[in-house]
Amino acid sequence: MSQDTIKATLIVDKSFVIAEVDKRIYGSFIEHLGRAVYGGIYEPGHSTSDIHGFRGDVKSLVRELNVPIIRYPGGNFVSGYNWEDGVGPVEDRARRLELAWRTIEPNEVGTNEFMNWAKEVGSEVMMAVNLGTRGVDAARNLLEYCNHPGGTYWSDLRRKHGVEQPHQIKTWCLGNEMDGPWQIGQKTAVEYGRLAYETGKAMRLVDPSIELVSCGSSSSAMPTFPEWEAVTLDHTYDVADFVSLHQYYGNRDKDTANFLARSMDLEHFINTVTSTCDYIKAKKRSKKTMYLSFDEWNVWYHSNESDTKIEPWTVGPPQLEDQYNFEDALLIGSMLITFLRHADRVKMACLAQLVNVIAPIMTEAGGTAWKQTIFYPYLHTSLYGRGVSLQPIVNSPKYDAQDYTDVPYLDSAIVYNEEADELTIFAVNRHLEAGMLLKCDVRGFEGYTLIEHIVLQHDDLLAVNTAQEEKVKPAKATGTVCKDGFVETLVSKASWNVIRLGKGSLN
Ligand code: AHR
């Protein structure tokens, strides 16, 4: 063994069950922001666009990711949005000043167009209601418009707009980041808690089958975290099914070892919110468990550091267009691993966002659609991370970083898909210089052999993909063996790995 190699072991067994993975942890997000909608999913006149103006090449990439749920229409946008502006004949729709991002909203795409697009890409929609400038009335009307079959004012209006069948949207967010000073119509925790409860109550009267997400803190760094959760949930606990979490990370001080350890902060955040939910559960003597909807998460800082000045009051300007590098993909992998290891409480998560705006998919106006580095860990977990999340027993050397101590070099999660007879080991080697000799005890999975070992690795941590060149892309790792109930492999330094075992074989 060379000096540049470390050793780690992992044990997994069918009985180490954390929980069934809710596929909705592979959700994403489209906001009326920047070029996400206008110039992203929607570009009339593009060579691949359908008769409604939606790009076919973008639809194909979204389908490839197999995204189960997409949050819409915001984000900060929703707190100033009048949903009625986005329905009915397009030529009659109002052009509005959009205050969250200081753009012009032409309202060419609204609820019905987006629902139709989502159906085509095979996704459910997580619809957010405006609790910034609006409240109970607008929310219950929107729900009636979307979900009621007919015979009432709002449901018949939908039918008049050419949508005979109700959309049957199951999941609804009660506002967005209402704790944030940047939010249009920011609320105190008590103001929000009361409004969200009353809105949720009215919405449930319209359609008792819906699920509701109560707004959590905008990030764990908010000064009001976690008191916000405690106070708001005290009001909304009985009406809500989920509380939201949002978190973005960056590597501003160019300390990669510390950056890759940020998933430990994520883990701490999840644990704190879980404890706060359980405290309210105990306080209320409730039998109900509150689940977590991590409905905004990503790396986001590159675009904030650029000097590009964006003119206000235009349609679809290039806002928040982070160009992701290879180390970003590693942290995205670790964040997904963290969600899998908390599959018992994190039931939904939305990579924010999906197209052009802090996104895995980018488009050129009139040109191609291409994949950022972060596309790949998201793709791999979405494809192979469905089943039961199993607790890996990990023995790994550790390091101390600027903000974290005892960071294991090996970060991993395991998913067992009984139906497909497959076991997938997701692993990040956080060591920036050393490969890792990894031995996995999988003796509980008799007869399993190696299907494939996919690896995402690049010697340059700052390597990026562009429309012209895909520098960071997955490859097949060689040298991995699965024999007598053990997998042995040399995991490359700084790499994302997907080791698939099963009774089938690709070879
Ligand atoms: O995803 C970008 C923005 O980040 C969202 O609009 C907002 O909810 C969050 O602050």
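I began with Pro-73, which I found in the loop between β4 (69-72) and β5 (96-98); strands are DSSP runs (E, at least two residues) and helices are DSSP runs (H or I, at least four residues), numbered from the N terminus. The peptide bond leading from Tyr-72 into Pro-73 is cis, and its omega is near 0 degrees.

Notes on the model: it is predicted, so I took local features only at pLDDT of at least 70 and side-chain atom pairs only at pLDDT 80 or more, while totals for chains, interfaces and linings use all residues. Residues are numbered from 1 along each chain as its sequence is written, and side-chain values use heavy atoms, with hydrogens and water left out.

Next I looked up Asn-66, in the loop between α1 (56-65) and β4. Asn-66 is not a glycine, yet its phi is positive, near 55 degrees.

I then turned to the ligand. Which residues surround the ligand? I listed Phe-29, Glu-31, Gly-75, Asn-76, Trp-101, Asn-176, Glu-177, Tyr-248, Glu-296, Trp-300, Gln-353 and Ile-358, a residue being near if one of its heavy atoms lies within 4 Å. I sorted this shell into five nonpolar, four polar and three charged residues; Gly counts as polar here.

For polar contacts I used pairs of N or O atoms within 3.5 Å. An oxygen atom of the ligand lies 2.6 Å from a side-chain N or O atom of Glu-31. For Tyr-248, the distance from a side-chain N or O atom to a ligand oxygen is 2.8 Å. A polar side-chain atom of Gln-353 is 3.0 Å from an oxygen atom of the ligand. On its own the ligand has 280 Å² of accessible area, and the protein covers 95% of it; areas come from the Shrake-Rupley method with a 1.4 Å probe.

I went back to Gln-353, which lies in the loop between β12 (346-352) and β13 (361-363). The peptide bond from Ala-352 to Gln-353 is cis, with omega near 5 degrees.

Last, I checked UniProt, where an unreviewed entry lists residues 295-495 as "domain: Alpha-L-arabinofuranosidase C-terminal"; such annotations may be inferred rather than shown by experiment. I noted 13% helix and 36% strand for residues 295-495, with the end C-alpha atoms 26 Å apart.

Terms used
Polar contact = N/O pair within 3.5 Å; in protein donor to acceptor, adjacent residues only side chain to side chain.
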